[in-house]
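These are my notebook entries on a structure that I looked through for the first time.

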Amino acid sequence: MASPTASVQPKHQYVHYTLLSVAVLACLLPFSGKAFNVDDTLFIYVARQITQHPLDPYGFKVNWFLDAVPMAHETKNPPLAAYYIAAAARIVGWSERALHFAFLLPALAVVLGTYRLARRFTNSPLLAATATLVAPAFLVSANSVMCDTMMLALWLWAIIFWIEGFDPQKPHYLAISALLITLCALTKYFGMALIPLLAAYSLARQRRLGNWAWYLLFPILALTGYQRWTKAVYGLRMISEAAHMSAGVRQTRQSSSLAKALVDLSFVGGCALPALTFAPVIWPRRKILGVCVLSGIAGLLVCNGRIGLGEMLWPFDFYQHWFLVSIQLTLFIAAGFSVMALAVADARKRKDADSLLLMLWVFGTFIFTGFLNWAINARSVLPLIPATGILLARRADTLWATSIRWRPARLAIPLAVAGAVSLWLAWADTELANSARTAAALIEQKTRNQPGTVWFLGHWGFQYYMESFGARPVVVNDPPHKPGDFLATAGDRLLFEVRPESAASREAIEVPMLLGITTVQAKLGAGFYSSDLGPLPFAVGPVPPERYELIRLGPKSIAAGNAVLP
């Protein structure tokens with residue numbers, strides 16, 4: 001099949017690259033002051049260790065879940081993103097804005113890489129790249145300093161160099177791709193999936209094994225060496241340890257395959273929101289109606305408990321908003337079906353190596369997210385976002401070629417709607433992250449120059465900001481008990497029962513969430529960072545304030561209660 005690259009003139013390519021770069025900066029720069037959130041804290045701690053001990057990234061302990069353990073046992077990510085943070089911090093500093101500026105480069109590489117790859121697959125590469133940019137999974141993830149956007153950038157450019165290394169054959173391109181595959185896997189272990197993905201693509205394209213297969217041995221050997229190194233230095237094979245942890249958590253939750261598939265579809269559909277906004281344009285009304293009916297039934301069954309989601313770390317509270325959640329669940333599951341259908345329809349129609357690559361890319365990510373990873377989350381869905389954008393563009397090409405009434409202007413409204421929702425969500429996620437920084441600052445002000453130690457329960461960004469002014473995380477076997485000490489808590493689930501007579505004073509700190517949309521809220525079923533909080537990647541609705549509490553301990557001790565993660 002001939003490449004459609006020639007349909008985009010070189011001068012237009014440069015204009016498109018410029019427009020996309022400006023769009024990325026316009027979407028991300030307003031959030032560059034966002035507080036550190038979720039696992040940003042762990043990556044920054046590893047980066048700081050690297051600045052002191054470059055060859056020992058995990059040689060320290062961290063109290064992330066109520067006890068100090070070696071970082072090598074706590075983290076389930078390889079160290080390359082932390083090395084990037086350490087290198088960037090030497091140049092621009094450790095502030096939130098400085099590090100978010102540094103992570104603009106991976107974000108630009110994702111969008112521009114999607115455009116360059118899409119030029120080989122579609123006559124509408126600008127559509128593919130824009131659909132990637134305005135997807136919620138991308139815009140929210142790109143506003144972090146975690147490894148996900150960096151991994152996706154390396155993933156895309158590894159595919160680009162691999163494909164361009166075949167046409168005509170360029171051994172140095174294949175070698176660059178092999179290096180990028182290795183770096184991708186050392187940024188996030190999911191990058192290893194590139195090895196079977198590109199092997200399948202190459203076999204389908206050339207119909208035989210060739211010299212290209214030797215290049216895929218390099219990342220295999222490099223990752224084998226990484227396993228041996230972590231075993232020698234830290235006493236465990238970290239790739240195997242991550243897989244073992246995921247398997248253990250999945251087994252504990254005992255969720256049915258149907259429940260996992262439906263939540264997985266919900267996350268795929270919500271994270272790849274353009275698949276939903278484009279549905280009225282790219283699918284017949286009868287098919288849309290049929291999928292929505294099935295999705296609506298599934299959504300209602302989940303929300304009334306008929307399809308159980310298994311044992312989770314947090315109990316679901318969204319049933320009080322069951323109707324609101326079921327509507328959003330219906331839409332997201334339907335959108336997830338749309339993503340899967342795009343991949344299948346494209347493969348059935350074209351029957352070539354390119355369509356096989358896209359289908360395996362989408363379905364492989366879907367299977368990993370729902371059935372292999374420790375939890376379903378938007379960060380795991382992120383790798384399929386560029387493939388979905390390319391599939392949407394290929395579908396638009398087909399409709400444009402077969403319908404005289406099809407006009408490119410019809411693409412503007414779905415993109416604008418998806419972009420508006422994604423920016424709204426990125427703003428809300430920033431508001432949520434900033435609440436932890438605000439609460440920590442208030443707690444620091446209230447305890448400054450006061451006798452006694454400040455302890456805290458809670459992690460993510462709250463831990464980063466509490467520790468930044470010297471507060472200590474609670475240790476489960478040695479709870480704070482000295483009169484005059486302070487205990488700061490995030491959320492309303494405590495490890496310890498603090499009886500009224502044990503507290504000399506207690507003060508609630510509530511930070512309002514004003515935007516009506518959220519990435520994390522159990523009461524609305526929103527679990528962008530973990531499906532433990534609900535079956536939706538994000539939710540629209542009445543978002544309660546983020547609640548923190550500051551307790552001054554009195555002369556009587558704290559009574560240990562049931563162990564509940566804060």
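I call a residue buried when its relative accessible area is under 20%, exposed when over 50%, and partly exposed in between (1.4 Å probe, protein chains only). The model is predicted, so I note that local features need pLDDT of at least 70 and side-chain atom pairs count only at pLDDT 80 or more, while totals for chains, interfaces and linings use all residues. Residues are numbered from 1 along each chain as its sequence is written, and side-chain values use heavy atoms, with hydrogens and water left out.

**Entry: helix H14**

I took helices as DSSP runs (H or I, at least four residues), numbered from the N terminus. H14 covers residues 257–271. Its 15 residues reach 21 Å from first C-alpha to last, close to the expected 21 Å; the expected span is 1.5 Å times one less than the number of residues. I found Ala-259, Asp-264, Phe-267 and Cys-271 among its buried residues. Since 12 of the 15 residues are buried, H14 is largely enclosed by the rest of the structure.

**Entry: cysteines**

How many disulfides does a search of the whole structure find? It finds zero, a disulfide being a pair of cysteine sulfur atoms within 2.5 Å. For Cys-184, the closest cysteine sulfur is in Cys-147, 9.7 Å away, which is too far for a bond. Cys-184 is buried, with a relative accessible area of 0%. Cys-271 is likewise in no disulfide, and its nearest cysteine sulfur, that of Cys-147, is 15 Å away. I recorded Cys-271 as buried, at 1% relative accessibility.

**Entry: helices H2 and H23**

I looked up how H2 (residues 40–52) packs with H23 (residues 460–468): the angle is about 45° and the axes are 8 Å apart. Axes are lines fitted to C-alpha atoms, for helices over the stretch in contact, and angles run from 0 to 180 degrees between N-to-C directions. H2 is therefore oblique to H23, as angles under 35 degrees count as roughly parallel, over 145 as roughly antiparallel, 65 to 115 as roughly perpendicular and the rest as oblique. The contact (heavy atoms within 4.5 Å) includes Ile-44 and Arg-48 of H2 and Trp-460 and Glu-467 of H23.

**Entry: positive phi**

Most residues other than glycine have a negative phi. Val-38, in the loop between H1 and H2, has a positive phi of about 55°. Val-38 is buried, at 3% relative accessibility. Lys-351, in the loop between H18 and H19, has a positive phi near 50°. Lys-351 is exposed, at 65% relative accessibility.

Technical notes. Helix = DSSP H or I, 4+ residues; strand = E, 2+ residues; numbered from the N terminus.
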